[in-house]
Amino acid sequence: AVAIDYRGAGTVEFLYDQAADRFFFLEMNTRLQVEHPVTEMVHGVDLVAMQIEVAESGSCAPVRTGDRAQAHDPSGAAADGHAIEVRLYAEDPAADHQPQSGRLTAFDIPAEEGVRVEAGYAAGDTVSTHYDAMLAKVVVHAPTRAQAARRLAGVLRRSRIHGVRTNRDQLVAVLTSPDFAAGRLTTRFLDDHPDLARPFVRGADAARLAATAARVADLDARRTVQAGIPAGWRTVVAAPQVARWDDGGPEPDEEPWLPGRDGLPTFPRADFEVAGIARTAAGTRVDYVWEGVHTHAHVTFDDALPVGRRAVDVDGAGWHRRLHEVPRFTDPADAVASGSLLAPMPGSVVAVLVGQGAQVSAGQAVLVLEAMKMQHTVTAPYDGTVTQIDVTPGTQVAAGEVLAVVEEA
């Protein structure tokens, strides 16, 4: 920077080889980067204002902000506390960080002291397939790194982000993992910790059970006849009723339930006891005892679709799941042929790699989609024959649209 008389904001990046105890230069970005709030919060300066100042006069004098601002130190030694930033993305870590799109039905990140949120979205906005999937930057400042990580994890846990899948749960899992706390971080951190992609696998079961309990209460409240009788009540022993949920898997999940005399459903297949259901302005609170632990979840129904097909957001203790109601009977118009390859997200077809009549093997690439500056390969589910190709390169497709059909050998 001195040799070329560089003046302005910039970030120099290195890789550290721990075994050799050496640093290797990667690059310098001669601009502000996404992480610039970390520097601003630690040093108490306004880098954007300083950039404008440099452009106007060439001066690198600090533009101070807040009570923690201090004299500029070119060596970078002057710092106060620690700051950590996360990038909140509309993506599914469990599906190889596949970008997500759709309408944000809720977007609430707690505004607290020491917390800075920079977001380009608000509740009601639509996450498009045409741009980067980053929803917001959440940054916290604290006296120590451990306190910053704990505070940031707490803020993320209390956030309500509905409408699309996000990496919120994974970020919390990373911030609270022992290896992150100990600073054991490498470029392979997520590869070496695959469990962090689905940090609350058991949360999926709790979400389905809580959603079922809330759905029973919701349908009970909508009844116009026999309102005084508990939902689903029978005078003789009967088979359980079944709630069906789509969690993005290959098949819907089924949750059988039985009516209780107190109006609260019981679940014969799970150690899950509903302790209470309360309807609030923000949704439905379900208090429950699961495997001996008393906790609760908030369930919010998205009424943009009719009852029986609604999206449902469930927020638990540090996890969030988005489910969709599956109707008891499938509309023939919604049925698709066995072996149909469906678009995992809205986007455009980049390439069709096989033709109709081609023999394919399980896992073989059939098509390539592009969405949010990323390409996604759609593969054959099993060995078979391509009997139908419905798209060509350049075709714009919606999520769930049939792209091709593979008939199993």
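In which loop is E291 found? E291 is found in the loop between β15 and β16 (293–302). The structure is a predicted model, in which local features need pLDDT of at least 70 and side-chain atom pairs count only at pLDDT 80 or more, while totals for chains, interfaces and linings use all residues. Residues are numbered from 1 along each chain as its sequence is written, and side-chain values use heavy atoms, with hydrogens and water left out.

**Overall form**

- The protein has 7 helices and 26 strands; helices (H or I, at least four residues) and strands (E, at least two) are DSSP runs, numbered from the N terminus.
- Along the principal axes, the C-alpha atoms fill a box of roughly 85 × 60 × 45 Å.
- Of the 409 residues, 38% count as buried; buried means under 20% relative accessible area, exposed over 50%, and partly exposed in between, with a 1.4 Å probe and protein chains only.
- Among contacts (heavy atoms within 4.5 Å) between residues at least 6 apart in sequence, 55% join residues at least 24 apart.

**Nonpolar cores**

- A nonpolar core is a set of buried Ala, Val, Leu, Ile, Met, Phe, Trp, Tyr and Cys residues joined through side-chain atoms within 4.5 Å.
- The largest such core has 34 residues, of which L104, F107, L135, V138, L152, L156 and L175 touch the most other members.
- Two or more residues of this core come from each of β3 (82–89), β10 (134–142), α3 (145–157) and α4 (168–175), and α3 gives the largest share, 6 residues.
- With neighbours within four places in sequence left aside, L152 is in contact with I84, V86, V138, V140 and L175.
- In soluble globular proteins, nonpolar side chains tend to be buried together.

**Helix α4**

- Helix α4 is mostly covered, with 8 of its 8 residues buried.
- These buried residues are R168, D169, Q170, L171, V172, A173, V174 and L175.
- The buried residues of α4 pack against β3, α3, α5 (178–181), α6 (189–192), β17 (311–315) and β18 (320–325).

**Aromatic pairs**

- Rings of Phe, Tyr and Trp (its six-membered ring) pair if their centres lie within 6.5 Å; planes under 30 degrees apart count as stacked, over 60 as edge-to-face and the rest as tilted.
- By this rule the count comes to 5 aromatic pairs.
- F14 and F23 form an edge-to-face pair, at 6.5 Å centre to centre and with 85° between the planes.
- F14 counts as partly exposed because its relative accessibility is 47%, whereas F23, at 58%, counts as exposed.
- F272 and Y288 form a stacked pair, at 4.5 Å centre to centre and with 25° between the planes.
- This pair links distant parts of the chain, 16 residues apart: F272 lies in strand β14 (residues 272–280) and Y288 in strand β15 (residues 283–290).
- Both F272 and Y288 are buried.
- One aromatic cluster is formed by F14, Y16, F23 and F25.

**Residues with positive phi**

- H97, although not a glycine, has a positive phi of about 55°.
- H97 lies in the loop between β4 (91–92) and β5 (98–99), and counts as partly exposed at 23% relative accessibility.
- E291 is likewise a residue other than glycine with a positive phi, near 50°.
- With 45% relative accessibility, E291 counts as partly exposed.
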